[in-house]
Amino acid sequence: MIYKLSKTDVRPEKTIKPTKPVAQTTKSGQELYKAYCASCHKDDGSGVPSSFPPLKQSALVNGAPEPLIHILLKGLTNQKTGKVQYEGAMPAFSFLRDEEIASIATYIRSNFNNQASAISATQVKSNR
């Protein structure tokens, strides 16, 4: 359903206000990956040749957590992996909460034939 908002001179008699604050729910790492990462790195983590690097069996993904966290928070351009130069730019996802970055990183590190440890929100916070 699509709503169209338009300016009007008519004011409602009563303003509807929420009675409870809306709770922030953290989506799963898989859901967040699909929303923010899969369009470039693909659903299976295979990437796009010469544009976006694969996450499958990636040394960066399986290595120390800090470089991956840094890339997720700050982005990256013109990455070279071995002899392959990737032209696509990785945007910064610093607008995501620490828990969301940790969830994405943990998902990536435990899927696509990767076998690395989980990343916590505390680790993300200390690298922000």
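Me: How do the axes of helix 4 and helix 5 cross?

Reply: Axes are lines fitted to C-alpha atoms, for helices over the stretch in contact, and angles run from 0 to 180 degrees between N-to-C directions. In this predicted model, the axes of helix 4 (residues 65–74) and helix 5 (residues 98–109) come within 11 Å and cross at roughly 125 degrees. Helix 4 is therefore oblique to helix 5, since under 35 degrees counts as roughly parallel, over 145 as roughly antiparallel, 65 to 115 as roughly perpendicular and the rest as oblique. Helices (H or I, at least four residues) and strands (E, at least two) are DSSP runs, numbered from the N terminus, while residues are numbered from 1 along each chain as its sequence is written. Local features need pLDDT of at least 70, side-chain atom pairs count only at pLDDT 80 or more, and totals for chains, interfaces and linings use all residues, with side-chain values using heavy atoms and leaving out hydrogens and water.

Me: Which residues of helix 4 and helix 5 meet?

Reply: Contact means heavy atoms within 4.5 Å, and here P65, L68, L72 and L73 in helix 4 meet I101, I104, A105 and R109 in helix 5.

Me: How do helix 1 and helix 5 lie to each other?

Reply: The axes of helix 1 (residues 29–36) and helix 5 come within 8 Å and cross at roughly 95 degrees, and the two helices are therefore roughly perpendicular to each other. In helix 1, G29, Q30, L32, Y33 and Y36 meet E100, S103, I104, Y107 and I108 in helix 5.

Me: Which elements each supply at least two residues of the lining of the largest pocket?

Reply: Rolling a probe the size of a water molecule over the atoms shows where empty space is left. For the largest pocket, helix 2 (38–41), helix 3 (59–62), helix 4 and strand 1 (79–81) each supply at least two residues of the lining.
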